[in-house]
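Dear colleague,

I am passing on the structure below, and after it you will find an account of what came out of the analysis. Please read the two side by side.

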Amino acid sequence: MIPLVSRAWRVLVTGFSFALFGFGGMVFALFVVPVLRCLPGEPRVREFRCQYAVHRSFKCFVRVMEFLGLLAVEVRNAERLREPGQLVVANHPTLLDVVFLVSELPQADCVVKQAVMANPFMRSTAVSSGYFANDPGDALVEACAGRLAEGRTLLLFPEGTRTDDGRLGRFRRGAAHVALRSGRPLRPVVIHCHPPSLMRGQRWYQVADRKLRIVLECCEVVAPEELPAGSGRGAAARRLSSRLRDFYAKRLQNLDS
Amino acid sequence: MPSRDEIIAMVKEVLQQEFDFADADLKLDTHLVDDLDLDSIDAIDMAVRLEERTGLHFEDDDLKSLQTIRDIVDKIDGRI
């Protein structure tokens, strides 16, 4: 009986959290973003203000979910994220990964899905925050490297999307290209969710049987290797991407055990 | 004017230099995406190298139409 009641409670508060996120996003786009847009300052300053407001909102949202008993978030080596101008990369096991990470990053440029840009409310917040649409190709890599050169922090998910089973997916090479183009090392954050939940294809009411334990482990930087003479940057991106994926596979294995 | 065999060798050399592929992985019917996992950024890097070697210019539409190594060779062979 107790597990049944506990499950019903979890479904209820999960539904509430989804509704809060949707409603909160709408309120933010309708009332907060227009006010922030009216404040003086150059575009960069206004984007930072909006990013900071998103950061505070996500922080509050995480606290609400923790208060409701849905999850508990533990951030290891959080001080490593405080340094500005970093290329932060993370694996993508759950729907809320960007929320967890942005709640720890007062300033972060993000690359968002085309679907986000197509949603009028989300688009308003994304554009005002200076986020990029996920357009394939070289222009996005250049734009990302440009932001890093300006000393801004950039957040990327090398997998691009979540997997159906919560396991580590295939790494696309965009993040590696950005690291090579900008000459910046990658700051990996390993996200671990136990039990696996909020995966791709899962419905919102398919809740876990217990409170989710989310660990965000901020790791040492992974620097691109020196290019051997005559070697192309395509090969370098493949090598760096492969190293990064191996790094994640090992770290996640440690966290699992 | 280079022969078709020379064009094939040049295309393979570009792919080996740019992406470190082994010669055995590069057949005429090797699929650029399915077999070699080339993405849009790789395609641009490959096109830049091919342009340097051939003096030809590859438009975005050209790159999108290339599926296999044979397609690259045909494209160059047809233009030189």
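**Chain A as a whole**

Of the 257 residues that make up chain A, 36% count as buried. Please keep in mind throughout that this is a predicted model. For a chain of 257 residues a compact globule would have a radius of gyration near 18 Å, and because chain A comes out at 19 Å, the value agrees with that expectation. The C-alpha trace of chain A spans about 65 × 50 × 30 Å along its principal axes, and its secondary structure comes to eight helices and seven strands. If one takes the contacts in chain A with a separation of 6 or more, 76% of them are accounted for by residues 24 or more positions apart.

**Helix α2 of chain A**

Helix α2 of chain A covers residues 43-67, and at 1.5 Å a residue its 25 residues should span 36 Å; the C-alpha atoms at its ends are 36 Å apart, which agrees. Which of its residues are buried? In α2(A) these are Glu47(A), Cys50(A), Gln51(A), Val54(A), Ser57(A), Phe58(A), Val62(A) and Met65(A). As background to that list, an α-helix has 3.6 residues a turn, so residues three or four places apart point the same way. After α2(A) comes Gly69(A), which has a positive phi, near 85 degrees.

**Strand β7 of chain A and its partners**

Strand β7 of chain A (residues 212-218) has five of its seven residues buried, so this strand is largely enclosed by the rest of the structure. On the one hand, β7(A) pairs in the parallel sense with strand β1 (residues 71-76) of chain A over six bridges, and in this pairing Ala72(A) stands opposite Arg213(A). On the other hand, strand β6 (residues 186-194) of chain A runs antiparallel to β7(A) and is joined to it by six bridges, with Cys193(A) standing opposite Ile214(A).

**The nonpolar core**

The largest nonpolar core holds 70 residues, and those that touch the most other members are Leu87(A), Val88(A), Leu155(A), Leu156(A), Ala179(A) and Val189(A). To this core α8(A) gives the most, with six residues. For Leu87(A), once its neighbours within four places in sequence are left aside, the contacts include Leu148(A), Leu154(A), Val178(A) and Ala179(A), and also Ser182(A), Arg184(A), Leu186(A) and Arg187(A).

**Where chains A and B touch**

The contact between the two chains takes 13 residues from chain A and ten residues from chain B. On the side of chain A that touches chain B, α6 (138-149) and α8 (233-256) each supply at least two residues, and α8(A) gives the most, with four residues. The residues on this side of chain A divide into three nonpolar, five polar and five charged.

**One residue of chain B**

Ile7(B) has its place in helix α1 (residues 4-19) of chain B. Is this residue buried or exposed? Ile7(B) is buried, because 20 other C-beta atoms lie within 10 Å, and 20 or more is the cut-off for that class. Neighbours within four places in sequence aside, Ile7(B) is in contact with Pro2(B), Val73(B), Ile76(B) and Asp77(B). Between Ile7(B) and Ile80(B) there are 9.9 Å in space, C-alpha to C-alpha, although the two residues are 73 residues apart in sequence.

With kind regards

Terms used:
Residues are numbered from 1 along each chain as its sequence is written. Chains are lettered from A and ligands numbered from 1 in the order in which they are written. This is a predicted model: local features need pLDDT of at least 70, side-chain atom pairs count only at pLDDT 80 or more; totals for chains, interfaces and linings use all residues. The expected span of a helix is 1.5 Å times one less than its number of residues. A residue is buried if 20 or more other C-beta atoms lie within 10 Å of its own, exposed if 12 or fewer, and partly exposed in between; C-beta atoms are placed from the backbone. The radius of gyration is taken over C-alpha atoms; the globule rule is 2.2 Å times the number of residues to the power 0.38. Two residues are in contact if their C-beta atoms, placed from the backbone, lie within 7 Å. Ala, Val, Leu, Ile, Met, Phe, Trp, Tyr, Cys and Pro count as nonpolar, Asp, Glu, Lys and Arg as charged, and the others, Gly among them, as polar. Two strands pair if DSSP finds at least two bridges between them. A nonpolar core is a set of buried Ala, Val, Leu, Ile, Met, Phe, Trp, Tyr and Cys residues joined through C-beta atoms within 7 Å.
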